Amino acid sequence: MSFEQDREYIAQHLDLGKEALYLTKNECENIGLSREEILDIIEDTLIEHGHQNYEMPAKGGVHPWPEVFFHAMPAYVPKMKACGCKWIECYPNNPKKYDLPQTTGLFVLNDVLSGVPMAIMDSTWITAMRTPAVTVIAAAALHPDAKTFGMYGCGVQGIEHVRFVVKTLKNLDKIYIYDIVESRMDDLIKLVQPEIDAEIIKADNAQVVAENCEVLSSATIILKEPLTAVKDDWISNGQTILPCDMNTYFDLKTQYRADKYIVDSHDEHEYFAQNGYFPKDKGLPKVYAQTGEIVAGLKKGRESAEELIVCSNIGMSVCDVTIAKAIFDIAINNKIGKMLPL
Ligand SMILES: NC(=O)c1ccc[n+]([C@@H]2O[C@H](COP(=O)([O-])OP(=O)(O)OC[C@H]3O[C@@H](n4cnc5c(N)ncnc54)[C@H](O)[C@@H]3O)[C@@H](O)[C@H]2O)c1
């Protein structure tokens with residue numbers, strides 16, 4: 001479908017330039033986009049990113065308090081005719097302090113031809129879905145035969161990581177989980193175990209997970225001062241580590257000594273490094289490739305069973321915008337959401 005055809009189709013459902021569709025979190029979540037479809041969209045998006053068929057400046061942000069950030073995350077992916085911007089916040093203390101999620105936000109989707117806003121939607125569900133999709137696609141590219149997976153953090157992201165990972169690592173038989181809040185682990189098991197065959201094991205501590213799993217991921221908290229909860233001594237050759245929380249959880253030593261240090265976006269990681277998330281004297285570990293280049297087959301992934309690979313995915317708006325466009329297409333076709341006058 002050309003850009004013109006796509007616009008004509010949208011114009012049948014929405015008076016472009018005069019109104020925009022508003023979608024709540026609940027409407028996005030129940031739009032009917034399956035995890036398999038999300039994986040397909042994100043894989044295509046990562047391939048486009050690998051081939052540099054996109055526009056995505058590094059996040060710009062404001063920081064009202066030391067550990068919090070707001071990020072403006074614009075992106076354009078021509079293949080999916082997707083153009084827009086996510087406005088997201090990360091307030092690590094929200095769950096404890098206000099009983100609110102760490103991460104919330106809104107997405108604005110625009111018409112590529114005329115630029116007018118077409119939709120405003122909650123972005124919480126988009127973030128909750130696209131993030132694990134990136135992790136597990138990268139896991140499959142780097143460690144396809146893994147039998148064991150470990151997840152640190154059993155909140156929104158941890159739960160979805162466990163749901164998603166069994167869809168790309170097909171040989172998994174054990175999933176170890178760990179969270180400082182024990183009830184979070186119990187809740188994850190209660191919710192997800194009935195849905196999957198792999199056995200979910202509640203670990204007593206972070207070391208058990210590190211020493212029993214070939215592939216590890218973390219979605220805990222993003223802090224400038226690393227927690228170093230997973231000691232470098234517990235990590236062995238041959239493991240694949242996929243943090244979603246920057247360098248907070250895993251020992252920085254592991255990241256500097258990895259045989260391959262891969263990042264979703266070099267620019268994004270430089271932005272975080274400039275904002276004090278890596279030691280000033282050492283900077284970012286030497287980047288071997290971006291995740292999209294591995295997924296697109298432009299750079300080699302794992303080349304030996306002994307390689308220690310770290311693949312840090314901090315989140316890219318190209319993945320938000322393509323999921324937002326897919327949600328929007330379904331919504332207008334099914335008359336979901338509320339039209340707002342512009
Ligand atoms: N990379 C990305 O694209 C991306 C996207 C969204 C969120 N995130 C990050 O992922 C993290 C988790 O997000 P969420 O929405 O799942 O948050 P959440 O609050 O729902 O879950 C976080 C979980 O981590 C646990 N936790 C905190 N400190 C811990 C520790 N020291 N050891 C073990 N567990 C610990 C908490 O108890 C909680 O259960 C945040 O840091 C967030 O910024 C990254």
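Does W87 count as buried, partly exposed or exposed? At 42% relative accessibility, W87 counts as partly exposed; buried means under 20% relative accessible area, exposed over 50%, and partly exposed in between, with a 1.4 Å probe and protein chains only.

A word on the source: this is a predicted model, in which local features need pLDDT of at least 70 and side-chain atom pairs count only at pLDDT 80 or more, while totals for chains, interfaces and linings use all residues. Residues are numbered from 1 along each chain as its sequence is written, and side-chain values use heavy atoms, with hydrogens and water left out.

I turn to the aromatic rings. Eight aromatic pairs are found in a search of the whole structure. Rings of Phe, Tyr and Trp (its six-membered ring) pair if their centres lie within 6.5 Å; planes under 30 degrees apart count as stacked, over 60 as edge-to-face and the rest as tilted. For F70 and W87, the ring centres are 5.6 Å apart and the planes meet at 25°, so this pair is stacked. It joins distant parts of the chain, with F70 in strand β3 and W87 in strand β4, 17 residues apart. Strands here are DSSP runs (E, at least two residues), as helices are (H or I, at least four), numbered from the N terminus. F70 is partly exposed as well, with a relative accessible area of 21%.

A second pair, Y152 and Y249, has ring centres 4.8 Å apart and planes at 45°, so it is tilted. Y152 lies in strand β7 (residues 148-152) and Y249 in the loop between β11 and α9, 97 residues apart. Both Y152 and Y249 are buried.

M246, in the loop between β11 (240-243) and α9 (252-257), has a positive phi of about 60° although it is not a glycine. M246 counts as buried, at 2% relative accessibility. K81, between β3 (69-77) and β4 (82-90), likewise is not a glycine and has a positive phi of about 55°. K81 is buried too, at 15%.

K260 lies over the face of Y288, at 5.0 Å from the ring centre, and K282 over that of Y256, at 4.3 Å.

Technical notes. Lys NZ or Arg CZ within 6 Å of the ring centre and 35° of its normal.
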